[in-house]
Amino acid sequence: MYGDRLVTTDNINLGVKARGRSSSKADTIARLLEAARREFAINGIARANMETIARSAGVTKQLLYQYYESKHHLFSAVLDQTSGVVMTELLATNFDDLPP
């Protein structure tokens with residue numbers, strides 16, 4: 001979390017190239033969010049473990065806390081990302097072709 005902003009891949013310019021590759025910051029955030037999504041899905045927010053999330057994303061727990069100051073902030077970022085994906089899919093759905 002930076003200031004009052006949640007850090008999600010939507011906040012990062014994923015197209016930025018650094019020395020011929022994707023932004024490592026964006027890659028790190030994407031890995032953190034994916035690892036957190038899996039951990040929350042398996043264990044719920046109460047039993048999710050930040051060390052497990054960090055390890056699954058290939059980063060240290062300290063780096064995880066640099067981006068997200070708490071488990072609740074990380075959970076909020078996962079929800080923001082997931083709701084954005086779902087909304088994009090819903091908006092792309094052609095409801096005219098579906099039966100009533």
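**Entry 1: a threonine to start with**

Where does Thr28 sit? I looked it up and found Thr28 in helix 1, which covers residues 24–47. A reminder to myself before going on: this is a predicted model.

Next I asked: is Thr28 buried or exposed? The relative accessible area is 10%, and the cut-off for buried is under 20%, so I put Thr28 down as buried.

What does the side chain of Thr28 reach? I found the backbone oxygen of Ser24, at 2.8 Å. I also listed what Thr28 touches, leaving out residues up to four places away in sequence: Val59, Leu63 and Tyr67.

**Entry 2: salt bridges**

How many salt bridges does the structure hold? I have three in my notes.

I took Arg37 and Glu34 to begin with. Their side chains meet at 2.5 Å, N to O. Both residues lie in helix 1 and are three residues apart, about one turn of the helix.

Then I went to Glu34 and Arg38, whose side chains meet in a salt bridge at 3.4 Å, N to O. This pair also lies in helix 1, with four residues from one to the other, again about one turn of the helix.

Glu34 turns up in both pairs, and I noted that Glu34, Arg37 and Arg38 are linked in a network of salt bridges.

How accessible are these residues? I wrote down a relative accessible area of 35% for Arg37, which makes it partly exposed. Glu34 is partly exposed too, at 32%. Arg38, at 37% relative accessibility, also counts as partly exposed.

The remaining bridge on my list joins the side chains of Lys61 and Glu51, at 4.0 Å, N to O.

I moved on to how the helices pack. Two packed helices are described by the angle and the distance between their axes, so I looked up both.

At what angle do helix 1 and helix 4 cross? I have roughly 115°, with the axes coming within 10 Å; helix 4 runs over residues 71–92. Angles from 65 to 115 degrees count as roughly perpendicular, so I filed helix 1 and helix 4 as roughly perpendicular to each other. Their crossing is left-handed. On the helix 1 side, the contact is made by Leu33, Ala36, Arg37, Phe40, Ile45 and Ala46. On the helix 4 side I listed Lys71, His72, Leu74, Phe75, Ala77, Val78 and Gln81. Arg37 is on that list and in the salt-bridge network.

**Entry 3: helix 1 against helix 2**

How do helix 1 and helix 2 lie to each other? Their axes come within 8 Å and cross at roughly 135°, so I noted the two helices as oblique to each other. Helix 1 passes helix 2 in a right-handed crossing. Helix 1 brings Arg31, Leu32, Ala35, Ala36, Arg38, Glu39 and Phe40 to the contact, and helix 2 brings Thr52, Ile53, Ser56 and Ala57.

Ala36 and Phe40 are in my list for helix 4 and in my list for helix 2.

How values were computed: Residues numbered from 1 in each chain as written. Predicted model: local features only at pLDDT ≥ 70, side-chain atom pairs only at ≥ 80, totals over all residues. Heavy atoms only, no water. Buried < 20%, exposed > 50% of the residue type's maximum accessible area, 1.4 Å probe, protein only. Polar contact = N/O pair within 3.5 Å; in protein donor to acceptor, adjacent residues only side chain to side chain. Contact = heavy atoms within 4.5 Å. Axes fitted to C-alpha atoms, helices over the stretch in contact; angles between N-to-C directions. Parallel < 35°, antiparallel > 145°, perpendicular 65-115°, else oblique. Left-handed = near helix turned anticlockwise from the far one by under 90°.
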